[in-house]
Amino acid sequence: MTLSLPEFNYVRRLVLDQSAIVLEEDKGYLVESRLLPLARREGIASINLLVQKLQAEPFSGLHRLAVEAMTTNETSFFRDFHPFEALKKFVLPDLITRRAAERALSVWCAASSSGQEPYSLAMLIRENFPQLVSWKIRILATDLSTDILARAREGRYSQLEVNRGLPASLLVKYFEKRGCDWYLRDEIRSMVNYQIVNLAGAWPFLPPVDIVMIRNVLIYFGVESKKEILAKVQRVLRPDGYLFLGGAETTFSINDSFERVQFERATCYRLRKT
Ligand SMILES: C[S@@+](CC[C@H](N)C(=O)[O-])C[C@H]1O[C@@H](n2cnc3c(N)ncnc32)[C@H](O)[C@@H]1O
């Protein structure tokens, strides 16, 4: 490893404090491979000098960039398929009945990365629930990373990205090809609002939501952080709302207020009735 143990431990502590992401002792290679491009971009000659600069200076944009560099932004359209089938067949029809008087629905995609998840949901709504056109639909997508949210807002995807999970019919209907990339049309892009929210920090005021999707992010956190975050989700989710986690995540033995609900091959969680 190029970094000394104290330098490596400094990065681990910084990332834990600022994002709740736990970097295990054997993740030296990961830290180095993620910090190297940042050092290059900033014109710093080595990752040792980068870390020494971080250690010496008060918290700044560089610290934020170092933390963001350690996040994993892996995502895809309609990721895991089954949760989106459950949304289409069970969850949205149920909520549409429950909210018929309000004519409003709100979804929060926490840790939305480059936008494939909230945009999949927006396309799913537009395709399958034409009656919602006159409803107030609020899709809020948040993430820790400023750069990744800027990408999401832009709605520009490479050929490789649109090849992952996006049906061809939706590609031709909702995207426009310019040069090598595909741009999401405003009709879908404008359905999603973006905001920076660090799940590990103080949350801004979030109005109660019907669906929370917080997928493939809790896996990076320790148990105490998961407990704190799910306790806050519990307060934001409406009592009859739905929570979706990633395939490797669960509320089990972390927050007993949630119960598991199975829809065909999809799992989601609802607040137990008290
Ligand atoms: C693996 S992606 C998951 C994207 C999407 N939810 C999905 O399942 O495809 C994880 C995302 O979590 C974000 N993230 C990591 N720590 C975070 C934190 N403390 N607060 C908010 N977002 C965070 C990362 O920036 C990254 O975009």
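In this predicted model, the side chains of Asp181 and Arg156 meet in a salt bridge with an N to O distance of 2.8 Å. The pair links distant parts of the chain, 25 residues apart: Asp181 belongs to strand β5 (residues 181–184) and Arg156 to strand β3 (residues 156–157). Asp181 counts as buried because its relative accessibility is 17%, under the 20% limit for that class. Arg156, by contrast, is partly exposed, with a relative accessible area of 31%.

A salt bridge also joins the side chains of Arg272 and Glu259, at 3.6 Å from N to O. This pair likewise links distant parts of the chain, with Arg272 in the segment after β10 (266–271) and Glu259 in strand β9, 13 residues apart. Arg272 is partly exposed at 43% relative accessibility, and Glu259 is partly exposed at 31%.

Glu57 and Lys53 form a further salt bridge, their closest N and O atoms being 3.0 Å apart. Glu57 counts as partly exposed at 34% relative accessibility, and Lys53 is partly exposed at 34%.

| Salt bridge | N to O distance |
|---|---|
| Asp181 and Arg156 | 2.8 Å |
| Arg272 and Glu259 | 3.6 Å |
| Glu57 and Lys53 | 3.0 Å |

A search of the whole structure finds 26 salt bridges. Salt bridges also link Asp94, Arg98, Arg99, Glu102, Asp210, Arg238 and Asp240 in a network.

Glu249 is placed in the loop between β8 (237–245) and β9 (258–263). This residue is buried yet has no salt bridge. Side chains of opposite charge can pair when their charged atoms come close.

The side chain of Glu249 does have backbone partners. One of its polar atoms lies 2.9 Å from the backbone nitrogen of Asn216, and a polar atom of the Glu249 side chain lies 2.9 Å from the backbone nitrogen of Leu218. Beyond its neighbours within four places in sequence, Glu249 is in contact with Ile214, Arg215, Asn216, Val217, Leu218, Ile219 and Tyr269.

The ligand is surrounded by 21 residues, of which the closest are Ser19, Thr75, Ala111, Asp143 and Asn216. A polar side-chain atom of Thr75 is found 2.5 Å from an oxygen atom of the ligand. On the side of the protein backbone, a polar atom of Leu144 lies 3.3 Å from a ligand nitrogen atom. An N or O atom in the side chain of Glu117 is 3.4 Å from a nitrogen atom of the ligand. Taken alone, the ligand exposes 600 Å², and the protein buries 99% of that area.

Pro6 lies in helix α1 (residues 5–19). With a relative accessible area of 56%, Pro6 is classed as exposed, because this value is over the 50% limit. The C-alpha atom of Pro6 is separated by 45 Å from that of Arg138, a residue 132 positions apart from Pro6 along the chain.

Terms used:
Residues are numbered from 1 along each chain as its sequence is written. This is a predicted model: local features need pLDDT of at least 70, side-chain atom pairs count only at pLDDT 80 or more; totals for chains, interfaces and linings use all residues. Side-chain values use heavy atoms; hydrogens and water are left out. Helices (H or I, at least four residues) and strands (E, at least two) are DSSP runs, numbered from the N terminus. Buried means under 20% relative accessible area, exposed over 50%, partly exposed in between (1.4 Å probe, protein chains only). Lys and Arg count as positive and Asp and Glu as negative; His and the chain ends are not counted. A salt bridge is a side-chain nitrogen of Lys or Arg within 4 Å of a carboxyl oxygen of Asp or Glu. A polar contact is a pair of N or O atoms within 3.5 Å; within protein, one must be able to donate a hydrogen and the other to accept it, and residues adjacent in sequence count only if both atoms are side-chain atoms. Contact means heavy atoms within 4.5 Å. A residue is near a molecule or strand if one of its heavy atoms lies within 4 Å of it. Accessible areas come from the Shrake-Rupley method with a 1.4 Å probe; for residues, only the protein chains shown count as cover.
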